[in-house]
Amino acid sequence: MAGALNRRKVLVVGGTGYLGQHLLQGFSEIEDIPYDLAFTHHSNSVPLHPLLHAIPRAVAFQVDLRTGDGFDVVSQKFGHPHVVVNCAAISVPRACESDPDAAMSVNVPSSLVDWLLSFREGNTLLIHLSTDQVYEGVKSFYKEEDETVPVNVYGKSKLAAEQLISEKCPNFAILRSSIIFGPQTISPVPKSLPIQWIDSVLSKGDEMNFFYDEFRCPVYVKDLVIVILSLTQRWLSEGKKMQLLLNVGGPDRVSRVQMAEAVADFRGYSPSLIKPVSASSVDRGVSSPADISMDISKLVRTLNVVPTSYKEGVKLTLGIP
Ligand SMILES: NC(=O)c1ccc[n+]([C@@H]2O[C@H](COP(=O)([O-])OP(=O)(O)OC[C@H]3O[C@@H](n4cnc5c(N)ncnc54)[C@H](OP(=O)(O)O)[C@@H]3O)[C@@H](O)[C@H]2O)c1
């Protein structure tokens, strides 16, 4: 019984999202997992059953980040977690642009931070997912200390979250992630996934416009999971003060055209289907930063990780041997 009481607890907020599900899977694959696992969900957009079936150790709680409703039940039934990974967000920039109030109330996790600060133990690490879209996009290979100038509501809300967390939380790791790509989740998410979307449009044999002047460092989802598992492990084993800000991207700076070319190459689609156009020629209803490629040397140095190349990640995503 004493052992059970002493067990460490990990909570994934937004466990039904794209990253959240991959992360739960990553935690569940650890042999003799030395901690209890729980996650939160919000709407019913993703069926819970397949997730709970695949990861029977995980306990689910309904929480609304806008109000904090549900955190008291987590405290009562699961207890105070030692690590919280916040993967919840309104993560589609266009949705944030059309409802800025909703974007701020979900993406700036005040209710989560207040809940964490209410713990007497004070020994919780918050790992928070931020974005490369805090950068303006006017140069290449941004470093963590570069100026942040978000150009859209999504980026502004994520930057406000970073400021809240770094001011209030004694221990945190903020991960500025690039586009996350990889296989579909256990319980499929409703939003379109980047590689799968490119694959499906090119497979129809129709020409499609891709931007030649928008650059990102897409990160393979399982690499991001490794980063989070490694931070969790470090916190649980060392418990040393942590106030970390990391760019998390893949090793390659690619344009949208190059992203599509890799898919076409592996699938054998004609490269002539990919029409290079300027991002300025299309109105997407939201400003999008041009070049937010990131320097990831701090990530590599700090966690000793070797992120997967973009092409290798595409191969893995498409299931090509
Ligand atoms: N995907 C990317 O390419 C990318 C790139 C850079 C950064 N990021 C960041 O990485 C994180 C994970 O992204 P993702 O793509 O995995 O997100 P996602 O698939 O859109 O998942 C969002 C999660 O947030 C939850 N959520 C939404 N509204 C909520 C509310 N009011 N209260 C509580 N939970 C709520 C959803 O729960 P329900 O589904 O149960 O409603 C879902 O679990 C986010 O912070 C995102 O900004 C993502």
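Seven strands make an open sheet, ordered β3-β2-β1-β4-β5-β6-β11, with parallel pairing. Strands here are DSSP runs of E of at least two residues, helices are runs of H or I of at least four, and both are numbered from the N terminus. Two strands pair if DSSP finds at least two bridges between them. β3 (59-62) and β11 (243-248) stand at the edges with a single partner strand each, so one side of each has no neighbour in the sheet. From one strand to the next, the twist averages 20°.

This is a predicted model: local features need pLDDT of at least 70, side-chain atom pairs count only at pLDDT 80 or more, and totals for chains, interfaces and linings use all residues. Residues are numbered from 1 along each chain as its sequence is written.

Take β5 and β6. Strand β5 (residues 125-131) pairs with β6 in the parallel sense over six bridges. Here His128 stands opposite Ile174 of β6. Helix α2 (residues 18-28) packs on the sheet, touching β1 (8-13), β2 (35-41), β4 (83-86) and β5. Contact means C-beta atoms, placed from the backbone, within 7 Å. The direction of α2 makes about 160° with that of β1. Axes are lines fitted to C-alpha atoms, for helices over the stretch in contact, and angles run from 0 to 180 degrees between N-to-C directions.

Ala173 also lies in β6 (residues 172-177). Ala173 counts as buried because it has 26 C-beta neighbours inside 10 Å. The cut-off for buried is 20 or more other C-beta atoms within 10 Å, for exposed 12 or fewer, with partly exposed in between. Leaving out residues up to four places away in sequence, Ala173 touches Leu125, Ile127, Leu231, Met242, Leu244 and Leu246.

Next, the core. The largest nonpolar core has 85 residues, of which Val13, Leu23, Val85, Ile127 and Leu224 touch the most other members. Such a core is a set of buried Ala, Val, Leu, Ile, Met, Phe, Trp, Tyr and Cys residues joined through C-beta atoms within 7 Å. Helix α10 (residues 221-238) gives the most to this core, seven residues. Beyond four places in sequence, Leu224 touches Leu19, Ser177, Ile180, Val219 and Val248.

Leu112, Val113, Trp115 and Leu116 are buried. Seen down the axis of α7, these fall within an arc of 160°, so they line one face. The arc is that of the directions from the helix axis to the C-beta atoms. On the other side, Asp114 and Leu117 are exposed. The cover over the buried residues of α7 includes β1, α4 (71-77), β4, β5 and α8 (153-168).

Terms used:
Contact = placed C-beta atoms within 7 Å.
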